[in-house]
Amino acid sequence: MDDWLTNLREMLENKDLASGEKLENFKMDLYDDEIYVFTPKGDLHKLPKGATVLDFAFAIHSGVGSTCVSGKINGKNVSIRHKLKNGDQIEIVTSPNQSPKQDWLNFVTTSKAKNKIRQSLKEEANKQVELAKEQMKRRVKNRKMELNDSIMIRLIKKLSFKTVTDFSIDIANEKLD
């Protein structure tokens, strides 16, 4: 760090042409790993290089990111996977029916977006588990049977489920009756 600061100080103190070029290269290197994009209202947002429309949506608000279906860059429709460039003007298109998907984690780059997607997926899985538990209780009660935990655990293992959660999610999704 000291060497870097010393080098920078020398460039700033020397007024010759070579130092001017070095300073310009230094400025370019400084901004190489980030891009600057705009909202339709002209608000500036800084994102890492390689950020997508979905990253931008989560940067605005987690609710916007969670319901993002596409974007408009400089007036042209693009997918949520589209990588942004410096100076792009981005408008986010949302839908109340949209929710975060597992594959979104494969193309977002910002930690905020990844964390919010994981959080939403976990909340959805928890809802599914609760729904499955209720369905199981009703079905067992309707058949006038008793729910025994040890029998359920053996059943889950016999059906090759790794966790009770996986088993519950398949019941909630009606893949398993």
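Colleague: Let's start with α3: is it mostly covered or mostly uncovered?

Modeller: Helix α3 is mostly covered, as 6 of its 8 residues are buried, where buried means under 20% relative accessible area, exposed means over 50% and partly exposed lies in between, with a 1.4 Å probe and protein chains only. The buried residues are Val53, Leu54, Asp55, Phe56, Ala57 and Phe58. Please keep in mind that this is a predicted model, in which local features need pLDDT of at least 70 and side-chain atom pairs count only at pLDDT 80 or more, while totals for chains, interfaces and linings use all residues. Residues are numbered from 1 along each chain as its sequence is written, and side-chain values use heavy atoms, with hydrogens and water left out.

Colleague: How many helices and strands are there in the protein?

Modeller: There are 7 helices and 5 strands, which are DSSP runs numbered from the N terminus (H or I with at least four residues for helices, E with at least two for strands). Along the sequence their pattern reads α-α-β-β-α-α-β-β-β-α-α-α. Of the 177 residues of the protein, 31% count as buried.

Colleague: Back to Leu54, then: what does it touch?

Modeller: If we do not count residues up to four places away in sequence, Leu54 touches Gly65, Cys68, Ile80, Trp104, Phe107, Val108 and Ile117, a contact being heavy atoms within 4.5 Å. Leu54 and Leu84 are also the residues with the most contacts inside the largest nonpolar core, which has 22 residues. Such a core is a set of buried Ala, Val, Leu, Ile, Met, Phe, Trp, Tyr and Cys residues joined through side-chain atoms within 4.5 Å.

Colleague: Which elements give two or more residues to this core?

Modeller: They are β1 (34–38), α3 (53–60), β3 (68–73), β5 (90–94) and α5, and the largest share, 5 residues, comes from α3. Apart from this core lies another one of 8 residues, among them Met136, Met152, Ile171 and Ala172.

Colleague: New topic: what lines the largest pocket?

Modeller: The largest pocket is lined by 16 residues, and Met136, Val140, Met145, Met152 and Leu155 lie nearest its centre. On a 1 Å grid over the protein atoms alone, a pocket is an open set of points where a 1.4 Å probe fits, with protein on both sides within 12 Å along at least five of seven lines, and lining residues have an atom within 4 Å of a point. Helices α5 (111–142), α6 (149–158) and α7 (164–172) each supply at least two residues of this lining.

Colleague: And how much space lies in the largest pocket?

Modeller: About 370 Å³, where a volume is the space filled by probe spheres set on the grid points, which are joined across faces, edges and corners. The second largest pocket has a volume of about 250 Å³.
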